[in-house]
Protein chains: 4
Amino acid sequence: MSLITVDLRDRKQLYEQLIDNIKALILSGDLKKDDKLPSVRSLAKELGINPNTIQKAYTELERCGIIVSMPGRGSMVLAERDSLRDEMSGKLENAMAALAREMRESGIGKEEFVRAAEEAWDRTGGKPE
Amino acid sequence: MSLITVDLRDRKQLYEQLIDNIKALILSGDLKKDDKLPSVRSLAKELGINPNTIQKAYTELERCGIIVSMPGRGSMVLAERDSLRDEMSGKLENAMAALAREMRESGIGKEEFVRAAEEAWDRTGGKPE
Amino acid sequence: MSLITVDLRDRKQLYEQLIDNIKALILSGDLKKDDKLPSVRSLAKELGINPNTIQKAYTELERCGIIVSMPGRGSMVLAERDSLRDEMSGKLENAMAALAREMRESGIGKEEFVRAAEEAWDRTGGKPE
Amino acid sequence: MSLITVDLRDRKQLYEQLIDNIKALILSGDLKKDDKLPSVRSLAKELGINPNTIQKAYTELERCGIIVSMPGRGSMVLAERDSLRDEMSGKLENAMAALAREMRESGIGKEEFVRAAEEAWDRTGGKPE
DNA sequence: GTGGTCTAGACCACG
DNA sequence: GTGGTCTAGACCACT
């Protein structure tokens with residue numbers, strides 16, 4: 001039994017849920033480089049969704065260099081935990097830049113912006129850091 | 001000729017472009033409370049897009065209480081600049097919360113998160129605040 | 001009627017045929033930046049293959065930045081002819097390097113390698129250059 | 001311990017890795033005509049892969065007349081180094097032809113193609129020829 | 001058993 | 001009408 005799950009009620013697309021899920025497992029250390037992923041069919045059966053949807057997620061992950069899949073041999077993790085973390089760092093930068101630009105145009109000030117970041121962080125986490 | 005434009009090459013949906021565009025004009029002060037908006041048909045003709053798309057944007061803006069449309073008499077701005085600014089504040093909160101949640105899962109720390117917000121703000125603006 | 005075709009007897013995969021085909025049309029100048037591509041469904045019908053296969057090709061082309069697709073608005077060419085040509089140049093370099101390495105290991109000499117390139121070129125083309 | 005290895009992470013199929021590996025050993029002179037190859041079972045054990053995979057490689061090599069297998073007596077090299085070198089020549093021709101065709105379609109000229117071959121060769125080798 | 005491709009047919013949001 | 005996602009079920013080559 002793997003740790004991968006999907007929520008059919010979530011509006012996020014299933015294959016994206018799978019992608020985010022597997023990335024999170026690598027980031028958390030539950031999946032390490034060279035670990036084997038569940039097979040397309042077995043995971044589909046376990047989650048009760050169509051194998052094509054798993055396939056799509058795996059294909060996308062391979063395209064990003066996060067896993068490798070080999071016919072007849074299954075799929076395994078390729079990316080190191082840290083490289084993935086660095087990638088998220090970059091994503092954070094971009095997202096923040098887009099948000100900052102939009103808020104600037106709306107007359108929001110730096111003070112309010114940074115405070116929003118702090119508060120959002122504290123509000124999100126179950127436990128204060 | 002109005003200041004409203006759309007970019008057909010932009011991946012963002014046309015009606016969302018229109019909504020953001022009009023909101024921005026209010027926030028910048030180019031459109032004030034009680035100003036008249038171009039008619040659905042004239043704007044559609046001017047922009048070369050389907051009137052349905054304009055209609056959808058106007059309907060959505062009316063639903064949010066930002067404009068008001070009166071059959072036969074056109075549409076006009078209803079919201080004050082400041083009320084719109086407050087709305088953006090709420091949007092900022094939501095966006096920050098979503099971002100914070102995602103980054104938490106990736107092992108990013110509060111420090112890095114808040115610093116990213118500050119740096120993004122500074123990097124974005126042409127002139128330092 | 002478009003210029004895009006597929007050969008069901010070819011062992012190359014259909015979606016790759018489509019990708020190569022569209023790239024070639026851009027390279028030949030038959031498709032220019034901002035030209036509209038046939039819709040997924042209409043092309044599928046015309047070629048007698050499944051829309052999903054067209055979709056896969058379009059998705060891949062979009063991923064490479066060669067086209068853009070927008071729900072409800074269709075797909076259009078994004079890449080300039082020259083940028084695509086430069087990309088092929090890079091591909092040529094890599095392919096040649098891989099081939100050269102392999103042939104070196106097999107005891108083939110530079111003379112024979114370069115002559116093979118010349119002869120292959122002349123043999124391939126219908127008309128001598 | 002033999003010089004034969006496989007890379008489980010390589011996307012190339014294992015039996016092809018084995019075939020290329022053995023061919024390379026013959027081309028380099030490490031394996032000569034009449035040299036004995038490791039047995040299917042011992043090599044499988046040494047490499048930690050399925051004996052079927054070794055068998056498939058040996059079978060393919062025998063089909064090409066490069067080795068010969070005798071039940072109960074193992075397998076040995078049949079091909080001379082030079083005959084294998086001729087085979088690579090043929091492979092070079094095919095690969096060049098495919099590459100030339102593709103590049104022609106992309107608007108690459110003969111000049112550029114041949115120069116790419118020369119440069120690739122020079123760049124590949126540690127020592128100039 | 002494995003991944004990968006393809007078909008057929010459905011549904012959704014959008015213009 | 002458009003692109004995009006998902007399901008169901010089939011086939012292929014490879015281990």
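The structure is a predicted model.

Chain A is divided into two parts, with domain 1 spanning residues 14-79 and domain 2 spanning residues 82-124. A distance of 29 Å lies between the C-alpha centres of domain 1 and domain 2 of chain A.

The contact between the two chains draws on 32 residues from chain A and 31 residues from chain B. On the side of chain A that touches chain B, at least two residues each are supplied by helix H1 (14-28), helix H4 (81-105) and helix H5 (110-124) of chain A. The most is given by H4(A), which provides 14 residues to this side. Classified by residue type, the side of chain A that touches chain B comprises 17 nonpolar, six polar and nine charged residues.

In chain B, Ile49(B) occupies the loop that runs between helix H2 (40-47) and helix H3 (51-63). Ile49(B) has 17 other C-beta atoms within 10 Å and is therefore partly exposed, since a buried residue would require 20 or more such atoms and an exposed one 12 or fewer. When residues up to four places away in sequence are left out of account, Ile49(B) touches Val6(B), Leu14(B) and Ala44(B). Leu3(B) stands 46 residues from Ile49(B) along the chain, and the C-alpha atoms of these two residues are separated by 16 Å.

Methods:
Residues are numbered from 1 along each chain as its sequence is written. Chains are lettered from A and ligands numbered from 1 in the order in which they are written. This is a predicted model: local features need pLDDT of at least 70, side-chain atom pairs count only at pLDDT 80 or more; totals for chains, interfaces and linings use all residues. Helices (H or I, at least four residues) and strands (E, at least two) are DSSP runs, numbered from the N terminus. Two residues are in contact if their C-beta atoms, placed from the backbone, lie within 7 Å. Domain bounds come from an automatic or database domain assignment. Ala, Val, Leu, Ile, Met, Phe, Trp, Tyr, Cys and Pro count as nonpolar, Asp, Glu, Lys and Arg as charged, and the others, Gly among them, as polar.
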